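Look at the sequence and the model first.

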Amino acid sequence: MSFVQLPESVNTCRNLVGGEWLVPRDASLLDVHSPYTGGVIGRVPLTPAEGVAQAVEAARAAAPGWRATPLRERTTLMARFRHLLESNLERLSHLAASEAGKTVAEARAGLLKGLEVCDFALSLQNLDTGGAMEVSRGISCEFRREPLGVVAGITPFNFPAMVPLWMFPIAVTVGNAFILKPSEKVPLTACAMGELMVEAGIPRGVFSVVHGGRETVEALVAHPDVRAVGFVGSSAVARRVYAEGSAQGKRVLALGGAKNHLIVVPDADEALTAQSVVDSFTGCAGQRCMAASVLLAVGDVQRIVEQVRERASRLELGPGMGALIDRASLTRLETAIAAAERAGARVLLDGRGKKPAGEKWAAGNWLGPTILDGVRPDMEAAQRELFGPVLSIVRVPTLSAALEVENASPYGNAASIFTTNGAVAQAVVEGARVGMVGVNVGVPVPREPFSFGGTGESKFGHGDITGPSSLGFWTDLKKVTRKWTTRTDGSWMS
């Protein structure tokens, strides 16, 4: 039985530059391996600075014409892209799963979340119409939203479709020329979305795809014609991209990693809590910045912990949980589990060595759900983002103690409270130092138009990457004050 339809042939990706698919000059090729099998499913060029400059020049040339295109017409084009995206949902879901290691259902969910962002972008023609007011006799003020010009998005491996879709539908709809630099580990989905943008009729140069690694990222961030950079990845790289881009006067919003806490109190609904915790720490094989990393067990919640362990132990690798992105991630996680054991943690559920049945999957990067109990707040397993299906249980006596542990984390993406008591829930809503809070929700990702974004070491820059606050990132506000005649009845403002 197959859980995912892998590509039938090895596809060499190309850059989309000026409406043409090109292999950049002097670019070496990197193999793309499927996490499911370890086999090569594609090749991706590592674009040097010269290739980046070529893409930026094409975008710069296209930007004035796109800026002058009325919002209504830009929206019509994005609506065509949205229709094509939905029409190709199953094909793209299997493609994203095959290169990122997700289950097909998870890849499909990521695309559906991306469709929500498209819907928000499509709503701008009716909602984001600027504003005007007569502020005094004979004086009017108005504001209008102006695109920045050439902007770029640098996206991670764990969501090949969703994270790019957080960025370019909004950035393009408001009038920018957008350059997508996807992770070199998952280039196939980006190419497929680029093909759909071309099919939708995007003008040449308005949407570009540039492949590559660190050199490509650095060239994009450094290019003087790139006005803004959106980034999603690890906190270490996010900090560096933010620092380098900001130093050059660019607008940068860089989302980093996380160490999310699920607080469970004795009055929590047992079945709901257990299922939510398992879904949170095993979803996407734990490779997401909103995954549960730490369960803060308040008081006697042993019966819930047992249900979490029992449910996680029944999860079937392959159809129920996907694979890790590469062999290095598997080795890193196995090393972290062993280090937690040496530090005194007890392995309540051990996923090491687990694989799906069948020789086809034997060389994949598999790690089953793993639960560490008795983890102390000062242990690496409680502090560092492991980015895998590993849950660390920290036992605390009170809700106040749980919030102390949560607040001590330098990250600030998400926290959740599991309780049937409204006052307890409100205490966590008010007390957790994070950007997103869940009440009986294991993955508190807001639905659009409520925006996505954390705090602390999880975000460098201002605003959020989706929703209304994203408009302030991708555009400038131009304010216009008008006066046509001198008024004898004017006030001091006249």
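The model is predicted, so local features need pLDDT of at least 70, side-chain atom pairs count only at pLDDT 80 or more, and totals for chains, interfaces and linings use all residues. Residues are numbered from 1 along each chain as its sequence is written, and side-chain values use heavy atoms, with hydrogens and water left out.

**Salt bridges**

A salt bridge here is a side-chain nitrogen of Lys or Arg within 4 Å of a carboxyl oxygen of Asp or Glu. The whole structure holds 30 of them.

| Pair | Closest N and O atoms |
|---|---|
| R227 and D476 | 3.8 Å |
| R309 and E306 | 3.6 Å |
| E310 and R314 | 2.5 Å |

Salt bridges that share partners also join R67, R144, E146 and K478 into one network.

Secondary structure comes from DSSP runs, numbered from the N terminus: helices are H or I with at least four residues, strands are E with at least two. Accessibility is relative, computed with a 1.4 Å probe on protein chains only: buried is under 20%, exposed is over 50%, and partly exposed lies in between.

R227 and D476 form a salt bridge. This pair links distant parts of the chain, 249 residues apart. R227 sits in strand β11 (residues 226-232), and D476 in strand β23 (residues 475-483). R227 is partly exposed at 38%. D476 is partly exposed too, at 30%.

How many residues separate R309 and E306? They are 3 residues apart in helix α10 (residues 302-313), so about one helical turn lies between them. An α-helix has 3.6 residues a turn, so residues three or four places apart point the same way. R309 has a relative accessible area of 25% and is partly exposed. E306 is partly exposed at 33%.

In the remaining table pair, E310 is partly exposed at 33%. R314 is exposed at 54%.

**Helix α1**

Helix α1 (residues 49-68) has 20 residues. The expected span of a helix is 1.5 Å times one less than its number of residues.

Where does α1 bend? The bend is about 35 degrees at A62, and a proline, P64, follows within four residues. A bend is the angle between axes fitted to the seven residues ending at a residue and the seven starting there. A62 is also buried. Other buried residues of α1 include G51, V52, A55, A59 and W66.
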